[in-house]
Amino acid sequence: MTAPTHTEKPMSTTPEFQLRTRVRAAWRLLGPGFVTGSSDDDPSGIQTYSQTGPQFGYSQLWLAAWAYPFMVVIQEICGRIGMVTGRGLAAVLHEHYSRRVLFVAVSLLMIANTINVGADLGAMAATGQMLVHIPFLCWLAVIVGISLALQISVPYPAYARFLKYTCLSLLAYVVAAFVIHHPWWPTVTLRAIIPHVEWSPDYVLNLVAVLGTTITPYCFFWQADQEAEEDFARGRMKFYGKGIPEIEDRDIRDMRTDTLVGMGFSNVVQFFIVLTCASTLHQVGIFAVDTPQQAAASLRPLAGDFTFLLFAVGIIGVGLLAVPTLTGSASYALSEAMGWKAGLSYTFREARAFYIVIALATLVGVGLNFVGIPPFRMLYYAAAVNGVLAPPLMALIMLIGRNRSIMGEHVNSRYANIMGWAIVMIMGVCALALLASLITGG
């Protein structure tokens with residue numbers, strides 16, 4: 001009698017293989033939206049959130065959840081503009097609006113990005129000093145050299161794919177929040193849902209800083225340009241920046257999914273940084289964070305003696321992702337405004353002016369580290385500057401998104417128009433309140 005033979009299932013039909021396949025497919029789907037969301041948690045963002053928790057405890061936790069839908073709407077409009085037109089925001093402004101409007105938009109972006117670059121580079125250098133005790137200027141020179149070399153010599157898509165994994169170190173704040181044992185969950189839940197606003201100068205400053213580092217100008221320009229580059233890379237248009245891309249509804253859906261996930265990752269990290277710092281530093285009487293050592297201390301319950309290492313990996317990793325995003329978006333905008341060849345898909349020889357602007361923006365940012373403001377304090381001020389400059393740029397984005405001669409059938413939905421103009425008004429009022437408090441001295 002012959003023993004029955006058991007045929008094994010093909011590997012492709014096993015649940016484990018199918019799960020891995022779906023995970024890989026989902027990971028490949030994440031592109032400009034996820035990278036933009038990850039770079040949004042740049043050193044300026046980490047410092048602002050690290051400052052929010054100690055200074056205000058749980059009272060600004062609600063900003064993460066409430067800002068998320070507004071953030072998604074604005075970034076989705078930017079991504080849709082880039083995908084539908086095959087051009088960046090500055091190129092669209094150059095083609096369809098007056099030179100005055102173009103000049104104002106590009107100037108606002110250049111100011112915001114240059115300040116942000118300087119703050120991020122300084123914070124990365126100061127953080128590096130926690131690991132290797134060499135002079136600040138040496139760290140700054142090394143980081144600038146590495147950053148420029150990678151931006152000029154390595155194609156950004158490959159560079160960003162590697163750094164996406166580095167950004168996952170920020171999930172340490174999520175884990176740390178559950179390691180810390182405090183009876184604060186009922187309070188946390190209420191603070192995360194119910195908005196709490198105080199019209200004091202410090203509260204308004206922090207509110208503008210949080211909004212400015214969450215819904216931030218460089219992300220607007222960056223995602224639009226990266227979606228345009230995706231059009232070229234995926235064969236939707238034959239020549240980058242020329243012609244009208246052939247867009248399918250599935251492309252728009254994938255971009256929206258990518259944006260939802262990317263902005264969600266950004267805001268989850270924001271929520272848990274604020275929560276972790278509030279539950280550690282604020283509880284022991286530390287109400288201001290002005291050094292990397294203070295900011296790293298919130299991770300001690302999780303990492304122990306490895307606190308500084310974990311924090312440094314996060315700051316330097318997201319910094320290396322964010323600085324090219326900042327300088328790149330500034331260079332895209334200026335190059336498109338001037339009619340120069342622009343794009344990270346070009347080599348240095350093919351687009352010299354584009355890469356020279358990147359280098360100049362980086363070097364001007366370096367110079368800001370010699371104005372006498374401590375690096376981590378400069379991060380906070382950079383976030384506030386972004387919060388003041390974002391509303392007029394968002395207003396221009398809303399006008400482009402609803403312009404049928406530019407967007408065709410892909411104009412803003414009613415929901416996008418309502419949410420987009422609402423956040424323009426909200427951030428505009430907050431920025432005006434901050435400026436008024438500074439002018440009047442409180």
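Which residues is Ser44 in contact with, leaving aside its neighbours within four places in sequence? They are Asn116, Asp120, Thr213, Leu379, Ala382 and Ala383, where contact means heavy atoms within 4.5 Å. Welcome to this predicted model, in which local features need pLDDT of at least 70, side-chain atom pairs count only at pLDDT 80 or more, and totals for chains, interfaces and linings use all residues. Residues are numbered from 1 along each chain as its sequence is written, and side-chain values use heavy atoms, with hydrogens and water left out.

**The overall picture**
- The protein has 20 helices and zero strands; both are DSSP runs numbered from the N terminus, helices being H or I with at least four residues and strands E with at least two.
- Of the 442 residues in the protein, 56% are buried (under 20% relative accessible area, with exposed over 50% and partly exposed in between, using a 1.4 Å probe and protein chains only).
- Among contacts with a separation of 6 or more, 81% are between residues 24 or more positions apart.
- The accessible surface comes to about 19100 Å², and carbon and sulfur atoms account for 67% of that; such areas come from the Shrake-Rupley method with a 1.4 Å probe, and for residues only the protein chains shown count as cover.

- Ser44 sits in helix H3 (residues 43-56), and Ser44 counts as buried because its relative accessible area is 0%.
- One of the partners of Ser44 is Thr213, which is also among the buried residues of H11.
- Helix H11 (residues 201-214) has 14 residues, so at 1.5 Å a residue it should span 20 Å, in agreement with the 20 Å between its end C-alpha atoms; the expected span is 1.5 Å times one less than the number of residues.
- Eleven of the 14 residues of H11 are buried, including Tyr203, Asn206 and Gly212.

**The nonpolar core**
- A nonpolar core is a set of buried Ala, Val, Leu, Ile, Met, Phe, Trp, Tyr and Cys residues joined through side-chain atoms within 4.5 Å.
- The largest one holds 126 residues, and Phe220 and Phe311 touch the most other members.
- Not counting residues up to four places away in sequence, Phe311 touches Ile46, Thr127, Met130, Tyr173, Pro292, Ala295, Ala296, Leu299 and Phe376.

**Cysteines**
- The whole structure contains zero disulfides, a disulfide being a pair of cysteine sulfur atoms within 2.5 Å.
- The cysteine sulfur closest to that of Cys78 is in Cys219, 9.1 Å away, so the two are too far apart for a bond.
- Cys78 is buried at 0% relative accessibility, and Cys219 is buried at 2%.
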